[in-house]
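User: I have not looked at this structure before. Please take me through it by question and answer.

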Amino acid sequence: MTIHFTVNNKAMSFDGDIDMPLLWYLRDHAKLSGTKYGCGIAECGACTVHIDDRAVRSCVIPLKNIEGKNIRTVEGLAQGKKLHAVQQAWIEEDVSQCGYCQPGQLMAAADLLSRNIDPNNKDIAEITNICRCGTYPRIRKAIKRAARIIREEKL
Ligand code: FES
Ligand code: FES
């Protein structure tokens, strides 16, 4: 069975093991290595991507569930040369430490801000992605900075 979907607005198809998790497809077949493997059991969030504009943990999504869906990875977050507000804010707040969790953090934050452009600490705490370097305070600041960027762009 061949399944069809898009990744970062490019049409893709896959004719193989449709029980394979999306994360494996992205890294090994599509060669999009920005999305990371951490735990493989939907706990850490390193593998977070968007499916139809909602953040999901791609390590537990089998390919058979993505027929007709639109996938966005961290490589597709910027619009051409224009960084997404979260990317810009992450740079300005110097969030990253080892960096391993950060693609997933960015994707989770972008999803939150697509639904809430003025998140408070409680809203931000709904993001449960793990950072073993403990960058949570900078992530919080960067999400609030990204929210300001988005609000200003909407004026
Ligand atoms: S690798 Fe998917 S949640 Fe940890
Ligand atoms: S920056 Fe190192 S795990 Fe988050």
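User: Where is the place of Asn8?
Analyst: This is a predicted model. Phi of Asn8 is near 50°, a positive value in a residue other than glycine. Strand 1 covers residues 2-7 and strand 2 covers residues 10-15. The place of Asn8 is the loop between strand 1 and strand 2.

User: Which residue with a positive phi follows helix 2?
Analyst: Helix 2 runs over residues 85-92. The residue in question lies in the loop between helix 2 and helix 3, and its phi is near 50°. The residue is Asp94.

User: Is Asp94 buried or exposed?
Analyst: Asp94 has a relative accessible area of 57%. A residue counts as exposed over 50%, so Asp94 is exposed.

User: What arc do the buried residues of helix 5 cover around the axis?
Analyst: The buried residues of helix 5 are Ile139, Ala142, Ile143, Ala146, Ala147, Ile149 and Ile150. They are on the same side of helix 5, because they cover an arc of only 160° around the axis.

User: At what angle do the axes of helix 2 and helix 5 cross?
Analyst: Two packed helices are described by the angle between their axes and the distance between the axes. The axes of helix 2 and helix 5 come within 8 Å, and helix 2 passes helix 5 in a right-handed crossing. The axes cross at roughly 130°. That makes helix 2 oblique to helix 5, at roughly 130°.

User: How far apart are the axes of helix 3 and helix 5?
Analyst: Helix 3 and helix 5 pack at an angle of about 45°, and the two helices are therefore oblique to each other. Their crossing is right-handed. The contact is made by Gln102, Gln105, Ala109, Leu112 and Leu113 of helix 3 and Ile139, Ile143, Ala146, Ala147 and Ile150 of helix 5. The axes of helix 3 and helix 5 are 11 Å apart.

User: Which residues of helix 2 make the contact with helix 3?
Analyst: Helix 2 and helix 3 pack at an angle of about 125°, with their axes 9 Å apart. That makes helix 2 oblique to helix 3. On the side of helix 3, the contact is made by Gln102, Gln105, Leu106, Ala109, Ala110 and Leu113. On the side of helix 2, it is made by Val86, Gln87 and Trp90.

User: Which residues of helix 2 are buried?
Analyst: What covers the buried residues of helix 2 includes helix 3 and helix 5. Gln87 counts as buried because its relative accessibility is 14%, and the limit is under 20%. The buried residues of helix 2 are Ala85, Val86, Gln87, Ala89 and Trp90.

User: What does Gln87 touch, not counting residues up to four places away in sequence?
Analyst: The place of Gln87 is in helix 2. One of the residues that Gln87 touches is Leu106, which is also among the contact residues of helix 3. Gln87 touches Val74, Leu77, Ala78 and Leu106.

User: How far apart are the C-alpha atoms of Tyr136 and Gln105?
Analyst: Tyr136 is in helix 5 and counts as partly exposed at 36% relative accessibility. Along the chain, Tyr136 and Gln105 are 31 residues apart. Their C-alpha atoms are separated by 9.9 Å.

User: How far apart in space are Arg115 and Arg54, C-alpha to C-alpha?
Analyst: Arg115 is found in helix 3 and counts as partly exposed at 47% relative accessibility. In sequence, Arg115 and Arg54 are 61 residues apart. In space, C-alpha to C-alpha, they are 9.7 Å apart.

Notes. Residues numbered from 1 in each chain as written. Chains lettered and ligands numbered in written order. Predicted model: local features only at pLDDT ≥ 70, side-chain atom pairs only at ≥ 80, totals over all residues. Heavy atoms only, no water. Buried < 20%, exposed > 50% of the residue type's maximum accessible area, 1.4 Å probe, protein only. Helix = DSSP H or I, 4+ residues; strand = E, 2+ residues; numbered from the N terminus. Arc of directions from axis to C-beta. Contact = heavy atoms within 4.5 Å. Axes fitted to C-alpha atoms, helices over the stretch in contact; angles between N-to-C directions. Parallel < 35°, antiparallel > 145°, perpendicular 65-115°, else oblique. Left-handed = near helix turned anticlockwise from the far one by under 90°.
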